[in-house]
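Here is a short report on helices and packing. Start with the view below, then read on.

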Amino acid sequence: MRGLAKALLVLALAFGSVAHADNADAVARARTHFEAGRALYNLGNYTDAIREFSAGYQLAPRPQFLVNLGQAYRKLGKLDRAREMYRRFLKEAPPDDPDRAQVQQLLKLLDAELASRPPPAPPPAATPVTPAPSPAAAHAAPVAALTATAPPKKSFVRKNWWIFPVGAVVLTGLVVGIYFAARPSGVDCSSATLGCIHPMMP
């Protein structure tokens, strides 16, 4: 496996054999990206190595760049992306490419590793959120509470009940006063209009 990684990172012969078919400037820049990617890969900076290998592949789409990308993705644990790069290599590389058999073996190992992984856990259920009351409702609630708890108003009769007994006493006194004022002063009650009370005998 280590021998394959080292062999796949060396593209000098591949560049030399097909340089005549590509633009010389693009090939030169692709080689620069390749060298930078190889240095970053050896330092363990696989993320930046992927960036350099991708830039080189855009300039000169050699299948060997795809193997280097697959190796860097595998080092980062991005096995799905690594498998994609290996499959693209097998699709684009010629049938007699010397790296084809080793990449096929890598792909089988990668497929087996992906199949043995447990399925991802489902996302947690969303907790329902109770909507906050609107400002109008928040201000209206105390008013409603005050209205509900306010004591009922007393009627005029219940509030002023004392008027009736006092009025009855006053009315009785007036009737008695009028009676004594209107009765005749003598013993003869024939001219009395409101009745007559005989004086007590001595």
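Predicted model: local features only at pLDDT ≥ 70, side-chain atom pairs only at ≥ 80, totals over all residues.

## Helix H7: length and faces

H7 has a buried set: Arg100, Val103, Leu106, Leu107, Leu110 and Leu114. These residues cover an arc of only 115 degrees around the axis, so they sit on the same side of H7. An α-helix has 3.6 residues a turn, so residues three or four places apart point the same way. The face turned away from the buried side of H7 carries exposed residues: Ala101, Lys108, Ala115 and Ser116.

Helix H5 covers residues 63-75, 13 residues in total. From first C-alpha to last, H5 reaches 19 Å, close to the expected 18 Å.

Eleven of the 13 residues of H5 are buried, so the rest of the structure largely encloses this helix. Among the buried residues are Pro63, Phe65, Leu66, Asn68, Leu69 and Tyr73. Just after H5, Gly77 has a positive phi of about 80 degrees.

## The nonpolar core

The largest nonpolar core holds 26 residues. Those with the most contacts inside it are Phe53, Leu66, Leu69, Tyr73, Tyr86, Phe89 and Val103. Helix H3 (24-42), helix H4 (46-59), H5, helix H6 (79-92) and H7 each supply at least two residues of this core.

Which residues does Tyr73 touch, not counting residues up to four places away in sequence? Tyr73 touches Ile50, Lys78, Arg81, Ala82 and Met85.

Key. Residues numbered from 1 in each chain as written. Heavy atoms only, no water. Helix = DSSP H or I, 4+ residues; strand = E, 2+ residues; numbered from the N terminus. Expected span 1.5 Å × (residues − 1). Buried < 20%, exposed > 50% of the residue type's maximum accessible area, 1.4 Å probe, protein only. Arc of directions from axis to C-beta. Core = buried A, V, L, I, M, F, W, Y, C linked by side-chain atoms within 4.5 Å. Contact = heavy atoms within 4.5 Å.
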